[in-house]
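Have the sequence and the 3D view ready as you read.

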Amino acid sequence: MTDQTYCDRLVQDTPFLTDQGRLSEQQVDRIILQLNRYYPQILTNKEAEKFRNPKASLRVRLCDLLSHLQQRGELHCQEFYRALYIHAQPLHSRLPSRYTIRPMSFLAGLGLAAGLALLLYCCPSDPKVLPGTRRILAFSPVIIDRHVSRYLLAFLADDLGGF
């Protein structure tokens, strides 16, 4: 995981969340009501009324809510993400802050596979040097991400005949 705080994530996700059509008015109202009713220390009744004001546009209310939560601190931002997960789970799974981790794990797995393949390629074929290397590499795709395992299995396909 990264050391990114919930406030940092909210700063990163704000343009995505405030984009037109991402959150409906009902979803925003449910999130505000949850933050007000279950966690009144996060949103007071007066603040909840302000953010649910139908005279203001949805985008303005949402921007005001998100900036208010960022100013209040980490716990407030964390509870917003919890409410967002409950009331808009498909949107929560597409947040930009959630995708910052995935490319790094893929690159780490690919680097591991490339390192193991290089080790296998460069090691002499003398069975006394690394006797179980081929067997270990043959079972490593079970542990490694499925995208990396395709490349590793393709590399070892020629050598698995003696396994």
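## An aromatic cluster

Y6, F80 and Y81 come together as one aromatic cluster. In this predicted model, local features need pLDDT of at least 70 and side-chain atom pairs count only at pLDDT 80 or more, while totals for chains, interfaces and linings use all residues. Residues are numbered from 1 along each chain as its sequence is written, and side-chain values use heavy atoms, with hydrogens and water left out.

The structure holds two aromatic pairs (rings of Phe, Tyr and Trp, the last by its six-membered ring, pair if their centres lie within 6.5 Å; planes under 30 degrees apart are stacked, over 60 edge-to-face, the rest tilted). Y6 and Y81 make a tilted pair, 5.9 Å centre to centre with 45° between the planes. Y6 lies in helix α1 (residues 6–17) and Y81 in helix α5, so this pair ties together parts 75 residues apart in sequence. Helices here are DSSP runs of H or I with at least four residues, numbered from the N terminus.

## Buried or exposed?

Y6 is partly exposed, at 27% relative accessible area, whereas Y81 is buried at 3%. Buried means under 20% relative accessible area, exposed over 50%, and partly exposed in between (1.4 Å probe, protein chains only). F80 is buried too.

## Where α4 meets α5

Which residues of α4 meet H76, C77 and F80 in α5? They are L65, L66, L69, Q70 and R72, where contact means heavy atoms within 4.5 Å.

How values were computed. Helix = DSSP H or I, 4+ residues; strand = E, 2+ residues; numbered from the N terminus.
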